Amino acid sequence: YERQMQQSWTAASASELSLPGPANAADSRAVAQSFVTNVRTFPLLLRNEATRLSGVRAPTAVVGLQAKLVSELRAYADDVDLALEIVRNGAWHDKPVYASKRKELEARFRRHSKAIIAIVTSFQTRGYVIALKSGD
C-alpha cells in the first residue's frame, strides 16, 4: 500500500503557490506570463495524482484519510485554476481588486498546503509513510 501511494503522488504537491505581486505584475506583463507558464500544468498534476490515489485500495484504518487527501488535491487544483484564470484575464490591471483576490487565493493555497501536510502526518501517526521526502 505504501509503495503504491508513494508511486502515485509526490509531497511536492503540497507546495504553496504565490501569485505575482500587483506592483510587479502591473509593471510587466512578462511577470504575469511567467506565472502562467510556470504554473499552468500544476492543476493537471494535482488532478492526475488525485485520480491515481483514488485507484489505490486503502486499508480500512486510512480509507477516510485517503479520501481527504484526494479531495484536498482536487480542491487545490480548482483554486490554482482560478488563479490562472484571473492572471490570464489581466485582473492585475486593477490593483486593488487584484490585491484582494491575491490575498484570498494565497490564503486558500496556504490552507491546502497545510491540510495536505497534516493528512500526510496523520497517515504517519497510523504507521503509513505515503510520501517520500525529496531525494529519498
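The model is predicted, so local features need pLDDT of at least 70 and side-chain atom pairs count only at pLDDT 80 or more, while totals for chains, interfaces and linings use all residues. Residues are numbered from 1 along each chain as its sequence is written, and side-chain values use heavy atoms, with hydrogens and water left out.

Let's start with helix H4, residues 42-54. (Helices are DSSP runs of H or I with at least four residues, numbered from the N terminus.) Its 13 residues reach 18 Å from the first C-alpha to the last, close to the 18 Å expected at 1.5 Å a residue; the expected span is 1.5 Å times one less than the number of residues. Phe42, Pro43, Leu46, Glu49, Ala50 and Leu53 are buried in H4, where buried means under 20% relative accessible area with a 1.4 Å probe, protein chains only. Seen down the axis of H4, these buried residues fall within an arc of 130°, so they line one face of the helix. The arc is taken from the directions from the helix axis to the C-beta atoms. As background, an α-helix has 3.6 residues a turn, so residues three or four places apart point the same way. The buried residues of H4 pack against helices H1 (2-8), H3 (29-39) and H5 (63-88), with contact meaning heavy atoms within 4.5 Å.

In helix H3 you will find Ala32, which is buried with a relative accessible area of 3%. Not counting residues up to four places away in sequence, Ala32 touches Pro20, Val87 and Trp92.

Val87 brings us to the largest nonpolar core, which has 39 residues; Leu69 and Val87 are those with the most contacts inside it. (Such a core is a set of buried Ala, Val, Leu, Ile, Met, Phe, Trp, Tyr and Cys residues joined through side-chain atoms within 4.5 Å.) H3, H4, H5 and H6 each supply at least two residues of this core, and H5 gives the most, with 11 residues. Leaving aside neighbours within four places in sequence, Leu69 is in contact with Met5, Trp9, Leu53, Ile116, Ile119 and Ile130.

Finally, H6 has 31 residues and reaches 44 Å from its first C-alpha to its last, close to the 45 Å expected. Its buried residues include Phe109, Ser113, Ile116 and Ile119. Ser113 has a relative accessible area of 6% and, beyond its neighbours within four places in sequence, is in contact with Ala14, Ser15 and Glu16. H6 is followed by Gly127, whose phi is positive, near 90°.

Note on methods:
Buried means under 20% relative accessible area, exposed over 50%, partly exposed in between (1.4 Å probe, protein chains only).
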